[in-house]
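Student: Could we go through this one together? I'd like to start with how the parts sit relative to one another.
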Amino acid sequence: MSQTSPSHFLIRSPHYRTLLAEGANFIEHRDVVLVDNYGNSAEDEALQAQQLGLVDLTPFARSGYKGKQAIHWAKTQGLNIGASNNQAYLQSNGALVARLSDTEVLILNNIHSEQNQCILLEDEYAKNKPAQCYSVPRNNSSAWFMITGKFSTEMFAKICGIDLRLKSFPNGTIAQTSIARINGIIIRNDMNNTPAFYLIFDSASTDYMWSCLKDAFVEFQGAPVGDSALSKL
Amino acid sequence: MKILNCPLNGPRNISEFICFGEVTDMPNPNELSDEQWADYMWMSNNTAGVVREWWCHAATSYWFIVERNTITDEILKTYPANEIFKERVEF
């Protein structure tokens, strides 16, 4: 069992105290600290994740760009971005680029990739200072959760009005809407054969959202799972 | 529950939106008296019938135009603002 303490790291989830109270064991992962498990084996937590699991991905990198030329500039940086809004596009390095509108993209780094797509773009942005393209830093302002498992759509139906059933909401689809009465972004990004949804929202509401999801999870025996379970999916 | 069709996000619960009032042409502030500018800023036409209004989808901060009948509260049409605002307004 890891004795890693999140308070020794600068990049950690803003509600790490709640996670500690849940029995989380933390692990160092490159420059961040994240939940490895909640006292169970990776295999057991992977089984849980296939039913209904909640993962805190907040320590991982994300960023965004907004403005009339934001999409054009992102494309010149080699990103593959299609023409449809509210659609996420997978990159060759595993990063996910969410086209939120004609004037905004959200970049989600691949949580297990060696390459940090967000830092690459931030460096280029600082060098080039492209016109009509404005950086939208999200590492500290947006929290990032993932809800996994076959009951995730039924769970979401309790807190969100959008039809997220798998047949109506294909992989890669985005909904920007109200979730548990706060604004957020839902992106479907399945983990192999396990349905999975990213949830991005205001980081000031991290504890609130966590408690809402835990409450909605009870009906389906859902539970938080650590990062180690994800590699078993 | 009322549903409003956002041009960017599709049908959404009306509680996700904020109405920001009638669409009006902005006069040149350098050619107006203070009284005329205050009239533009603060006074509403309050038309009974079909009006064009600014609405914003709060979850995305997306502003768009709604054509609404203020007598029946029926929403006739929604569309992106760039359908009527083709150029940047300089002043």
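Student: What distance separates the centres of domain 1 and domain 2 of chain A?
Tutor: Bearing in mind that this is a predicted model, the centres of domain 1 of chain A and domain 2 of chain A, taken over C-alpha atoms, are separated by 23 Å.
Student: And which residues belong to each domain of chain A?
Tutor: The domain assignment of chain A gives 42-60 + 140-223 for domain 1, while domain 2 is given as 62-135.
Student: How many residues of each are in contact?
Tutor: On the domain 1 side of chain A there are 11 residues in contact with 10 residues of domain 2 of chain A, and strands E9 (142-148) and E10 (174-179) of chain A each supply at least two residues of that domain 1 side.
Student: What classes of residue make up that side of domain 1 of chain A?
Tutor: The side of domain 1 of chain A that touches domain 2 of chain A has six nonpolar and five polar residues, with no charged residues.
Student: Switching to chain B, in which sense do strands E1 and E2 pair?
Tutor: Strand E1 (residues 3-6) of chain B pairs with strand E2 (residues 10-13) of chain B in the antiparallel sense, over four bridges, and E1(B) and E2(B) form a hairpin with three residues between them.
Student: Which residue does Leu4(B) stand opposite?
Tutor: Leu4(B) has Arg12(B) of E2(B) opposite.
Student: How many residues of chain B are in contact with chain A?
Tutor: Nine residues of chain B are in contact with nine residues of chain A, and the chain B side of that contact divides into four nonpolar, three polar and two charged residues.

Key: Residues numbered from 1 in each chain as written. Chains lettered and ligands numbered in written order. Predicted model: local features only at pLDDT ≥ 70, side-chain atom pairs only at ≥ 80, totals over all residues. Contact = placed C-beta atoms within 7 Å. Nonpolar A, V, L, I, M, F, W, Y, C, P; charged D, E, K, R; others polar. Pairing = 2+ DSSP bridges. Domains from an automatic or database assignment.
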